[in-house]
Amino acid sequence: MKIPFGTITITDRAKELIVEALDQKRISSGKLVREFEDGFARLVGAREAVAVSSGTDADILALAVLHDLGAKRGDEVIVPSLSFVATGNAVLHAGFTPVFVDIERDTLNIDHSRIEAAITPRTRAILPVHLMGKPAEMDTINAIAKAHGLLVVEDAAEAHGASYKGRSAGTLADLAAFSTYVAHIITTGEGGVVTTDNEEYGEILRSLRSHGRNCTCKHCILNAGADYCAKRFRGPGGEDVRFTFDRIGYSCKMNELEAAIGIGALEFYREILGKRHQNLLHVLERFDRFAPFLSSIKEEPHEKIGPHAIPIVINEGAPFTRSELTRHLEERGIETRTLFVSMPTQCPGFAPLGYRLGQFPNAEYLGQYGLHIGVHQDLGLEEMDYILNVIDLFLARYR
Ligand SMILES: Cc1ncc(COP(=O)(O)O)c(C=O)c1O
């Protein structure tokens with residue numbers, strides 16, 4: 001049996017929209033991107049959704065809003081030490097300094113009890129990650145942020161369909177960043193979306209994704225094919241605001257072909273989500289049988305985990321290595337991924353920041369002993385049982 005990590009479903013409607021866009025020679029950001037944004041905003045329950053070219057760009061732009069709020073380059077953003085490396089990279093690309101905080105072993109998320117100690121006069125924001133779709137402890141994080149006047153941005157890249165105390169990921173903070181890369185539930189192939197309820201942030205985000213231009217309409221009629229926009233020549237002396245650049249911007253728009261795939265994904269999102277959630281819970285509810293060697297996360301009553309993947313952690317004292325377990329799984333057709341690394345201490349790219357191995361024991365542990373495997377919609381309970389059996393077979397050698 002083959003259990004690939006990810007999949008992509010391109011619907012007939014998506015294919016029709018792609019052909020239409022090609023025939024009309026309208027492939028750069030336009031009405032399909034707008035339609036995708038509207039659908040995404042509705043689904044998450046946020047007022048604004050701004051589509052960009054990757055989840056990393058979504059993180060960068062959400063943080064770059066801070067510059068409009070008076071932040072200075074080099075100011076600090078608190079992030080969990082364990083995440084996909086994009087989280088830490090995004091802080092640096094937005095012009096800030098990441099300040100890392102260790103994670104909790106059982107939730108995989110930022111240890112909220114350590115956040116206050118990391119706050120300095122230069123801290124401007126907290127960027128919690130809902131790793132593997134499990135929501136971070138947002139009430140506590142928002143309360144800390146409020147007490148210190150900080151912005152909170154959810155890194156919800158892996159948290160499509162997650163909810164916390166009845167509210168969807170993407171609406172749990174000031175802004176949220178999703179990835180729509182192919183491994184995620186709503187996919188556009190490559191892409192990302194920032195959500196927020198703040199319309200002013202929405203305008204800043206639309207400017208940031210397009211070079212910082214002073215042209216921030218939610219529905220751009222020029223991008224949708226109109227010949228003339230009466231709003232353009234409203235600068236002092238009738239200047240063209242489309243070529244006035246108010247802030248240091250980026251170039252990270254989503255294109256129409258990507259949006260078409262996303263529009264298709266939105267149509268059957270509930271179905272995909274239901275299937276993936278059923279797959280994930282099927283395994284998590286049976287995971288205790290792997291004690292004392294392996295552990296995973298649990299879905300608590302106050303939350304719904306966004307069914308991104310099954311995380312697996314090899315516990316202390318297990319008489320085998322991660323490589324031995326992953327080889328056993330891969331040889332039997334089950335694709336594996338590591339559970340990322342402690343960015344500041346296990347990722348060579350972050351060495352110039354000067355952290356030392358040993359500063360983030362939980363993240364470093366997962367960096368050595370964690371892995372994850374897929375639960376996507378092309379898999380079902382038969383495949384989940386196969387995964388359980390293949391792990392049983394491996395552990396039987398050590399019982
Ligand atoms: C937690 C997290 N943040 C950010 C990203 C970046 O997304 P992308 O690969 O679309 O740039 C990812 C990637 O999946 C991720 O897992």
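The following legends describe close-up views of a predicted model.

Local features are reported at pLDDT of at least 70 and side-chain atom pairs only at pLDDT 80 or more, whereas totals for chains, interfaces and linings use all residues. Residues are numbered from 1 along each chain as its sequence is written.

**View 1. The whole chain.** The chain has 13 helices and 16 strands; helices (H or I, at least four residues) and strands (E, at least two) are DSSP runs, numbered from the N terminus. The radius of gyration, taken over C-alpha atoms, is 22 Å, close to the 21 Å that the globule rule gives for 399 residues, so the chain is as compact as a globular protein of that length. The globule rule is 2.2 Å times the number of residues to the power 0.38. Along its principal axes, the C-alpha trace spans about 80 × 55 × 35 Å. Of the 399 residues, 48% count as buried. A residue is buried if 20 or more other C-beta atoms lie within 10 Å of its own, exposed if 12 or fewer, and partly exposed in between, with C-beta atoms placed from the backbone. Among contacts with a separation of 6 or more, 72% come from residues 24 or more positions apart; two residues are in contact if their C-beta atoms, placed from the backbone, lie within 7 Å.

**View 2. The shell around the ligand.** There are 15 residues around the ligand, and Ser 54, Gly 55, Thr 56, Ala 157 and Ser 179 come nearest. A residue is near a molecule or strand if its C-beta atom, placed from the backbone, lies within 6 Å of it. Helix H3 (55-68) and helix H4 (86-93) each supply at least two residues of the shell, and H3 gives the most, with 3 residues. By residue class, the shell divides into 5 nonpolar, 7 polar and 3 charged residues. Here Ala, Val, Leu, Ile, Met, Phe, Trp, Tyr, Cys and Pro count as nonpolar, Asp, Glu, Lys and Arg as charged, and the others, Gly among them, as polar.

**View 3. Helix H7 and its packing partners.** Helix H7 (residues 199-208) is mostly covered, with 7 of its 10 residues buried. These buried residues are Tyr 201, Gly 202, Ile 204, Leu 205, Arg 206, Ser 207 and Leu 208. They pack against strand E1 (48-52), H3, strand E9 (175-179) and strand E10 (192-196).

**View 4. The contact between the two domains.** The domain assignment of the chain gives domain 1 (12-266) and domain 2 (269-396); such bounds come from an automatic or database domain assignment. The domain centres, taken over C-alpha atoms, are separated by 27 Å. In this view, 32 residues of domain 1 are in contact with 29 residues of domain 2. On the side of domain 1 that touches domain 2, the elements giving two or more residues are strand E3 (82-83), strand E7 (163-164) and helix H8 (256-267). The residues of that side divide into 17 nonpolar, 9 polar and 6 charged.

**View 5. An open sheet of strands.** In the order E11-E13-E16-E14, 4 strands form an open sheet with antiparallel pairing; two strands pair if DSSP finds at least two bridges between them. Strand E11 (294-295) and strand E14 (337-338) stand at the edges, each with a single partner strand, so one side of each is left without a neighbour in the sheet. E14 is joined by 2 bridges to strand E16 (residues 370-374), and the two run antiparallel. Thr 338 has Leu 371 in E16 as its bridge partner.

View 6. Leu 281 lies in helix H9 (residues 269-284). With 16 C-beta neighbours inside 10 Å, Leu 281 counts as partly exposed. The C-alpha atoms of Leu 281 and Glu 299, 18 residues apart along the chain, are separated by 8.2 Å. In the loop between H9 and E11 lies Pro 292, which is joined to Ala 291 by a cis peptide bond with omega about 0°.

View 7. Phi of Leu 108 is near 70°, a positive value in a residue other than glycine. Leu 108 lies in the loop between strand E4 (97-101) and helix H5 (115-118) and counts as buried, with 28 C-beta neighbours inside 10 Å. Phi of Lys 165 is near 50°, again positive in a residue other than glycine. Lys 165 is placed in the loop between E7 and strand E8 (167-168); with 11 C-beta neighbours inside 10 Å, Lys 165 counts as exposed.
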